[in-house]
Amino acid sequence: MIATLAELVFTLSDVSAQPAGDVLDLHALRSFVASTEQGRALLTVAALAAVVAIVGRTVTTTTAAGALLAVAAVGLLPPVLAGHAATSGDHAIAVVALAVHILAASAWAGGLLGLLSAVRLPAGSFGPALRRHSRFAAGAAAATAVSGIGGAALRLGGLAPLWETRYGLLVTLKAVGLITAVALGGLLRRRVVDRVTTATAETGTTANTRTAAETGTTAGAVGRFVRLAGVELIVLTATLGLAVGLSRTAPPVDDALVPADPTRALLGYPMPPPVSAARLAGDWRIDWVFLSACVLAAGLYLAGLLRLRARGIRWPVGRTIAWLCGLAVVVFATSSGLGRYGPVLLSVHMTQHMLLSMCAPIPLVLGAPVTLALRAMRPARAPHRSGPREWLVAVLHSWPVRVLTHPAWVTANFIGSLYVLYMTSLLTTLMHNHLGHLYMNVHFLAVGVLFFELLIGIDPLPRRLPHPGRIIMLLSAVPFHTFLGIAIMSESSLLAADWYGRLVRPWGVSALSDQHTAGAIVWAFGELPTFAVLVVLVIQWSRMDDRRTRARERRIAAAGDVDAELDAYNAYLARLADGPTRRRTAATVSPAVRMTTTPPAPRTAPDDEGRGGRQATGGGG
């Protein structure tokens with residue numbers, strides 16, 4: 001926090017060309033923060049750093065530590081939106097690459113520093129922690145390298161600036177530092193991690209009979225780790241210093257020399273050619289965030305499937321196909337020509353949102369990824385009381401999940417998100433933000449997954465509606481989509497006029513006509529997904545009844561073909577049928593005698609909802 005506030009002062013001193021002592025004025029600092037994006041970003045970082053510093057001393061649970069880690073990660077992002085990447089060509093890709101680069105590098109260095117501070121942990125805990133960090137550091141180093149190469153390629157514009165410009169020299173030195181840190185990490189993995197893990201495991205299993213030699217072996221392995229990790233941390237610190245210098249250096253590709261093009265300034269790329277079905281399908285512009293996430297999701301799903309198969313557990317092929325098809329729809333909606341033309345035409349933008357919120361979620365929830373994860377992951381082993389499986393179970397039972405998956409909240413969010421976005425100025429704000437379009441796509445995909453998970457999903461949730469309630473929940477969303485489509489078609493003013501009105505598009509219909517097409521897409525798009533989900537709901541309902549019937553028949557067979565409650569209910573119906581005759585007979589024999597018949601309570605167990613087994617008979621059946 002203190003360092004960020006100092007950077008705020010020195011940045012103002014640099015911008016105003018005044019000594020730092022002269023800008024230490026509350027009015028000047030307030031004006032700098034209020035009028036510049038860079039000042040607001042630094043103040044946000046300082047505030048979030050203060051929250052982490054204050055709350056961090058009180059954290060005692062894994063859940064609270066995870067939440068605080070998320071706050072710290074968010075605190076790293078504001079400068080990304082105010083740096084060179086935000087003003088470059090293809091700024092959306094540059095901003096995402098820089099964000100991934102900073103987060104991965106911070107996690108790599110921070111994890112190593114945290115592990116160095118934990119060398120005094122018991123031997124049985126330090127070894128597994130070191131092994132886990134080794135895998136994590138490998139992934140963080142890979143993400144740092146890939147995102148760094150992508151960002152440098154956008155800013156350099158070729159290989160020659162690597163040795164011809166100061167910016168390229170800093171990139172080269174940073175790459176050397178990164179390679180050195182990776183080499184040290186590999187050496188650490190090869191010579192230290194396995195020995196520390198083995199030594200601590202032996203020490204932990206022979207705690208009562210360990211010798212001085214075994215204790216010395218463990219201490220020597222830990223000492224070797226401290227030395228190598230310290231060198232790696234020094235190299236990483238120097239590399240981060242180069243990165244700071246790089247952020248303060250003008251890149252060789254000077255965007256100010258590019259002819260003024262308002263369309264390119266808004267989109268980050270030139271205006272595409274006239275839209276056509278072939279270009280929407282084949283003129284791809286990769287969204288690396290969604291493509292990477294989908295590839296990772298497919299890999300994890302297949303890895304879980306292979307783990308189940310190795311244990312001899314069968315997994316339905318249809319679920320695997322559904323999951324992969326859902327990911328394919330997500331990639332197509334974000335990285336095909338839809339991703340290129342979405343910021344240009346509101347109709348294409350609306351098609352993206354409909355695919356992400358109403359088409360992709362249906363096969364994704366039928367893939368049951370959470371169920372697969374719970375079956376594939378093994379319970380934590382001693383000395384650890386919890387692991388990934390336990391964390392997942394805890395999340396499923398947490399109060400935020402109960403709130404987020406409540407049917408009323410999910411339905412309101414699924415319906416209301418479209419109205420809030422398209423009927424307010426939020427669309428303009430998000431379109432002008434470099435991460436706004438990414439947020440919109442993530443939001444609509446998440447809202448759609450939650451909505452259809454409640455309707456036709458297989459994964460465990462805190463609560464689910466009965467099937468009639470699910471049908472009502474599904475049909476209740478249809479009129480609202482229709483009303484929104486009609487409202488957009490009837491709108492005489494341009495939505496997001498500050499965005500679509502500023503685009504210089506020399507082809508196609510007017511922006512207002514394209515907006516009316518977008519309204520028609522909202523109106524008509526939901527019918528086919530709604531019908532498909534309704535069919536799936538009916539099939540699931542029928543199969544549930546069949547399962548309950550079979551379970552009831554198995555229970556009756558196990559009890560010797562006797563269902564006492566059903567027999568009692570049948571006897572009660574028989575007594576009701578014979579009631580008038582018995583009352584007349586009783587009146588002639590002894591009028592003073594009155595018989596009372598108490599009906600047995602019918603079965604209310606879910607198994608009686610089926611129609612298998614013996615049927616109730618009698619006059620009232």
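**Figure 1. Salt bridges across the chain.** Using a cut-off that asks for a side-chain nitrogen of Lys or Arg within 4 Å of a carboxyl oxygen of Asp or Glu, the count in this chain comes to three salt bridges. Bear in mind that this is a predicted model, where local features need pLDDT of at least 70, side-chain atom pairs count only at pLDDT 80 or more, and totals for chains, interfaces and linings use all residues. Residues are numbered from 1 along each chain as its sequence is written, and side-chain values use heavy atoms, with hydrogens and water left out.

**Figure 2. Close-up of Arg340 and Asp283.** These two side chains pair up in a salt bridge, with 3.4 Å from N to O. The link ties together distant parts of the chain, 57 residues apart: Arg340 sits in helix H14 (residues 337-341), while Asp283 is in the loop between helix H11 (277-282) and helix H12 (288-310). Helices here (H or I, at least four residues) and strands (E, at least two) are DSSP runs, numbered from the N terminus. Arg340 is buried, at a relative accessible area of 18%, and Asp283 is partly exposed at 22%. For these labels, buried means under 20% relative accessible area, exposed means over 50%, and partly exposed is in between (1.4 Å probe, protein chains only).

**Figure 3. Close-up of Glu453 and Arg464.** Here the salt bridge has an N to O distance of 2.8 Å. Glu453 is buried, with a relative accessible area of 8%, whereas Arg464 counts as partly exposed at 27%.

**Figure 4. Close-up of Asp498 and Arg502.** Zoom in on this pair and you find a salt bridge with 4.0 Å from N to O. Asp498 is partly exposed, with a relative accessible area of 40%, and Arg502 is partly exposed too, at 41%.

Figure 5. On a 1 Å grid over the protein atoms alone, a cavity is a set of points where a 1.4 Å probe fits but cannot get out, and lining residues have an atom within 4 Å of a point. Grid points are joined across faces, edges and corners, and a volume is the space filled by probe spheres set on the points. That rule turns up one cavity of 30 Å³ or more, and about 40 Å³ of space lies in the largest cavity. Its lining is made of Ser357, Asn413, Phe414, Ser417, Leu418, Phe444, Val447 and His481. Helix H20 (407-422) and helix H22 (436-456) are the elements giving two or more residues to this lining, and H20 gives the most, with four residues. By type, the lining splits into four nonpolar, four polar and no charged residues. In that tally, Ala, Val, Leu, Ile, Met, Phe, Trp, Tyr, Cys and Pro count as nonpolar, Asp, Glu, Lys and Arg as charged, and the others, Gly among them, as polar.

**Figure 6. Close-up of Ala20.** Look for Ala20 in the loop between helix H1 (2-16) and helix H2 (26-35). Ala20 counts as partly exposed, at 23% relative accessibility. Setting aside neighbours within four places in sequence, Ala20 is in contact with Val9, Phe10 and Ser13, where contact means heavy atoms within 4.5 Å. Between the C-alpha atoms of Ala20 and Phe10, ten residues apart along the chain, the separation is 6.0 Å.

Notes:
On a 1 Å grid over the protein atoms alone, a cavity is a set of points where a 1.4 Å probe fits but cannot get out, and a pocket is an open set with protein on both sides within 12 Å along at least five of seven lines; lining residues have an atom within 4 Å of a point.
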